[in-house]
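Hi there,

Here is the structure I promised to pass on.

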Amino acid sequence: MTQLLKVHGSQNHFFILDQMLLKKPLADKELRRLAQQLCDPKTGILNGADGLLAVTQADHPGPLARMRVINADGSEASMCGNGLRTVARYLTQKTGQTSFTIQTMHVDLRVAKQKDLAPNVPAFAVEISPVLFSPESLPFKGLGNERMINDYVPELQPDLRFTAVAVPNPHLISFVDETTLKSDVLGQLGRYLNGTNPYFTDGVNVSFAVFLGPNRLFVRTFERGVGFTNACGTGMAATSLAFCLTHPEQAALDQPIDVFNPGGKVQVIVHFDRPHYWMELIGNATVTDVIDVDEEALHAAHVVTDQVHFEQTKEQAAYVDYIHSLPRPINVNLKH
Ligand SMILES: N[C@@H](CCC[C@H](N)C(=O)O)C(=O)O
């Protein structure tokens, strides 16, 4: 027997699997199959999730562990901001350390425990970096050879401006009005750019954002490898950076930006240590369920309700109380 955790950051839901607890860690192919089975609400448990976060040993000295991000469709992403907060919390509980680094696909990132957002709503801050703008780093092609910052891109959508940035997973951002944010445009564009298309050949996370005032945004994301999510941490960090770059009169560097999303709220602080931008993403790291599961079921990608034992924590009730205490600037249906 081993344990899985069901967790979320702004209701961007994941399962955490600590490979270091297993007699035999899952091979890459097994991890991909498990993510597909477990995250699908039809075949998985607890309504599925947006991804599987695998915690493994770091392959060099320094970081406490390594996080791998497997999207619901089995593809692997280089980073996940909401997920990193939940892995940071898991490692804090496992080791007692409250400030450390975690290895991700390309870089080691700093994480630190924060003051609880409300009773039983733990919070963590995580570093989001590196920030890259070149077409090769996303990648995108056929849309100009220069960086894309608040540009009209008629190939994508005639009347919207776009910013493309990798953090280091790829993001495409547009500032829109509330009607456009709620319209079908985001889903259509997200599906197109994450299917066979000539522009974003590895797919891209697409976010639409509405200005709410100085240092305040609402962000909705269609995620690569997932579809619509309640929140995308790297997406909100990338959008806050785009906000600072394109609307400096409304968004300040080195100050918290409140970013509301369908699943709650986070804060992002954008820093510019010349010549590099980097962001801090601060938000909840909630554990909703502890699941006892047979190790063989993980290898076989067959984790089903009647063969596991769940223990629900009281943290989701506390999280719901917390978000009900927040302003709700825009209502978008929640994904369950
Ligand atoms: N939800 C995540 C991002 C997960 C990876 C993304 N789908 C990708 O493929 O890049 C976040 O909170 O950052």
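Helices (H or I, at least four residues) and strands (E, at least two) are DSSP runs, numbered from the N terminus. This is a predicted model, where local features need pLDDT of at least 70 and side-chain atom pairs count only at pLDDT 80 or more, while totals for chains, interfaces and linings use all residues. Residues are numbered from 1 along each chain as its sequence is written.

With three residues, α2 gives the most to the shell around the ligand. Among the 19 residues around the ligand, those that come nearest are Ala77, Asn82, Asn169, Gly233 and Thr234 (near: C-beta atom, placed from the backbone, within 6 Å of the molecule). Two or more residues each come from β4 (65-71), α2 and α5.

The ligand lies between domain 1 (2-128 + 285-324) and domain 2 (135-277), because both give residues to its shell; the domain bounds come from an automatic or database assignment.

Two residues are worth a look:

- Asn82 is in helix α2 (residues 81-95). Asn82 is buried, as 34 other C-beta atoms lie within 10 Å (buried: 20 or more other C-beta atoms within 10 Å of its own, placed from the backbone).
- Thr234 sits in helix α5 (residues 233-246) and is also buried, with 31 other C-beta atoms within 10 Å.

The UniProt annotation "binding site" (unreviewed entry) includes both Asn82 and Thr234; such annotations may be inferred rather than shown by experiment, and positions follow the numbering used here, with feature names shortened.

Best wishes

Conventions: A residue is buried if 20 or more other C-beta atoms lie within 10 Å of its own, exposed if 12 or fewer, and partly exposed in between; C-beta atoms are placed from the backbone.
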